[in-house]
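Here is a short briefing to read alongside the model. Take a look at the sequence and the fold first, and then we will walk through them together.

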Amino acid sequence: MKEIVIVSGKGGTGKTSVAASLVALAESTVVADCDVDAADLHLVLKPQIKKTEDFTGGKSARIVPGKCNNCGKCHEICRFNAVIKDESKQPAYFIDHIACEGCGVCSYFCPEKAIDFEPSVNGQWFVSDTRYGSMVHARLGIAEENSGKLVSLVRSQARMLAEKDNLPYIIVDGPPGIGCPVISSITGADAVLIVTEPTVSGAHDLERVADLAGHFKIPTFLCVNKFDLNPETAKNIEEKAETRGITVVGRIRYDRAVTEAQIKGLPVVAFPDSNVAKDMRTIWENLERELN
Amino acid sequence: MAINLTVAVASGKGGTGKTTVSVNLACVAAATGYKAAYVDCDVEEPNGHLFLKPRIRRRYPVNVPVPVIDTGKCVACGACGEICQYSAILCINKSVLTFEKMCHGCGGCQLVCPAAAITEKGREIGFVEEGEAGEISFAHGKLNIGEAMSPPLIKAVRSAGQNNSLNIVDAPPGTSCPVITAIRGVDFVILVTEPTPFGLNDLGLALDMIKELGIPHAVVVNKSDPDNNLARDFCREKEVKLLVEIPDDRRIAEAYSRGQLAFSAAPGYRGVFEDLLISIMKEARR
């Protein structure tokens with residue numbers, strides 16, 4: 001079984017459109033949407049949710065009004081400025097749940113044992129059916145933390161499903177950037193497919209996400225989306241990628257069919273005669289050959 | 001002109017045009033005579049410098065505190081491992097191991113240690129660069145590769161903003177910790193979207209986040225098309241103000257691909273950003 005993670009560094013280069021098309025082309029896959037704080041893959045794969053579970057990513061602190069004697073110890077030791085002082089209130093301290101990092105230091109050292117520190121629900125995750133197979137996806141709660149942990153959970157559930165049905169591929173739609181949720185999305189994966197665009201930002205961000213994939217020693221592949229927007233930059237990006245050992249698996253033409261498919265709620269390969277569908281098929285064929 | 005205002009540009013979905021709006025706005029503000037500062041808080045993938053081409057005057061590392069164990073004093077009681085919520089410190093077989101990249105720097109282990117065997121050192125997670133691009137003050141941060149936690153660096157970049165200026169904060173995409181750290185405490189947020197199902201789904205998530213934070217906000221639609229009402233209808237339904245629309249024009253996309261400002265490629269668009277500046281000033285003063 002091969003787990004392929006689609007990332008980009010820069011946001012909005014077309015990760016989700018590529019992921020949806022590869023899922024449709026691969027036929028026997030489990031798909032995981034690991035962009036848990038701005039998930040979009042469900043808009044084109046239309047999952048029927050079969051199972052919903054709460055995600056408990058960490059603990060959060062809460063001052064119990066009747067027990068607090070306003071000593072201020074919590075305010076003094078919290079390093080995240082998450083204990084707010086308001087002397088017009090009783091108690092005069094409360095926890096700013098957005099700033100709280102869930103370290104529990106306030107609760108541990110409260111002399112009155114007046115701070116509860118309990119597991120908190122930070123989101124939900126789902127197992128669904130799509131017309132292309134099973135999908136694991138999630139929704140991080142509003143202004144919640146622990147996206148890395150939720151990503152790990154989504155990936156492990158997808159792996160369990162793929163192992164159970166003995167499927168050859170897991171396709172993961174990853175988040176943008178190079179930080180916590182991206183690291184959680186790619187560690188231990190079999191391949192990273194970088195989707196970039198021929199812009200100065202796309203080229204710049206590709207370098208950083210390629211460095212990250214290299215840092216974890218994961219085989220890396222590249223496709224340049226909307227390459228005809230600036231063919232010269234596209235070519236430079238491909239040449240640079242190849243010198244660092246990244247295999248170029250294809251180019252995608254700029255095509256309005258991508259947005260039209262999105263509006264219809266379908267992967268773009270559902271329009272097989274479009275240029276972009278042809279390009280997606282080439283990418284999948286090349287990727288499949290490289291991986292086997 | 002004297003002004004003291006911080007405006008963040010955020011989006012939910014990546015690639016909708018946060019950097020395009022931020023840098024063009026900074027340029028228009030400076031040309032209008034405001035003291036302007038561009039503050040790039042997308043420390044994972046900063047791009048503003050590619051367009052503003054700043055002269056960097058100062059570069060400094062940003063550190064987070066991590067524990068250092070004095071093995072001579074350690075009594076291997078395990079209290080540090082018990083208090084740590086992040087599996088960043090463990091006591092096994094009478095010795096203490098630390099995992100620095102897991103550490104959030106809460107200081108709990110140091111406080112709980114009965115033998116005073118724990119001190120702290122700084123661990124670098126990235127750096128900040130400050131300078132100027134013409135009349136515009138510039139600051140951005142770069143997270144080191146392989147580093148998971150960006151919020152401490154984002155905070156450091158935020159504090160490099162200028163007093164008595166119009167600070168434009170270019171936020172990272174998403175709706176979780178990095179963007180929240182970038183926009184908390186700003187005076188106004190511009191949410192940039194595009195009129196597609198993905199753009200609007202993520203705008204909805206970003207609106208939920210921003211309501212939770214309680215910051216005044218409005219929307220800019222990028223890659224807009226006169227015949228596509230998706231974003232206009234969405235804003236009306238959600239009762240959020242739509243400030244300006246930036247047309248879906250290949251000239252803007254090509255200028256962006258080369259690292260040029262939108263209105264240097266298509267001077268007609270200067271007016272769009274001037275209108276945006278005026279409407280932000282009006283909204284922010286309410």
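This is a predicted model: local features need pLDDT of at least 70, side-chain atom pairs count only at pLDDT 80 or more; totals for chains, interfaces and linings use all residues.

Residues are numbered from 1 along each chain as its sequence is written, while chains are lettered from A and ligands numbered from 1 in the order in which they are written.

**Chain B**
- Chain B holds eleven helices and eleven strands (DSSP runs numbered from the N terminus: H or I of at least four residues for helices, E of at least two for strands).
- Along the principal axes, the C-alpha atoms of chain B fill a box of roughly 70 × 40 × 35 Å.
- Of the contacts in chain B between residues at least 6 apart in sequence, 73% join residues at least 24 apart (a contact means C-beta atoms, placed from the backbone, within 7 Å).
- Chain B is assigned domain 1 (5-62 + 125-284) and domain 2 (71-116), with bounds that come from an automatic or database domain assignment.
- The centres of domain 1 and domain 2 of chain B, taken over C-alpha atoms, are separated by 40 Å.

**Chain A overall**
- Chain A has ten helices and eleven strands.
- Buried residues account for 56% of the 292 residues in chain A.

**The sheet of chain A**
- Nine strands of chain A make an open sheet with mixed pairing, in the order S3-S6-S7-S2-S8-S1-S9-S10-S11 (strands pair if DSSP finds at least two bridges between them).
- Strand S3 (48-63) and strand S11 (247-251) of chain A each have a single partner strand, so one side of each is left without a neighbour in the sheet.
- From one strand to the next, the twist averages 20° (axes are lines fitted to C-alpha atoms, for helices over the stretch in contact, and angles run from 0 to 180 degrees between N-to-C directions).
- S3(A) pairs with strand S6 (residues 115-130) of chain A in the antiparallel sense over 14 bridges, and Ile49(A) stands opposite Ser128(A) in S6(A).

**Helices on the sheet**
- Helix H1 (residues 15-26) of chain A packs on the sheet, and its direction makes about 165° with that of S8(A).
- Helix H5 (residues 147-164) of chain A also packs on the sheet, touching strands including S7 (133-140) of chain A.

Terms used: Two residues are in contact if their C-beta atoms, placed from the backbone, lie within 7 Å. A residue is buried if 20 or more other C-beta atoms lie within 10 Å of its own, exposed if 12 or fewer, and partly exposed in between; C-beta atoms are placed from the backbone.
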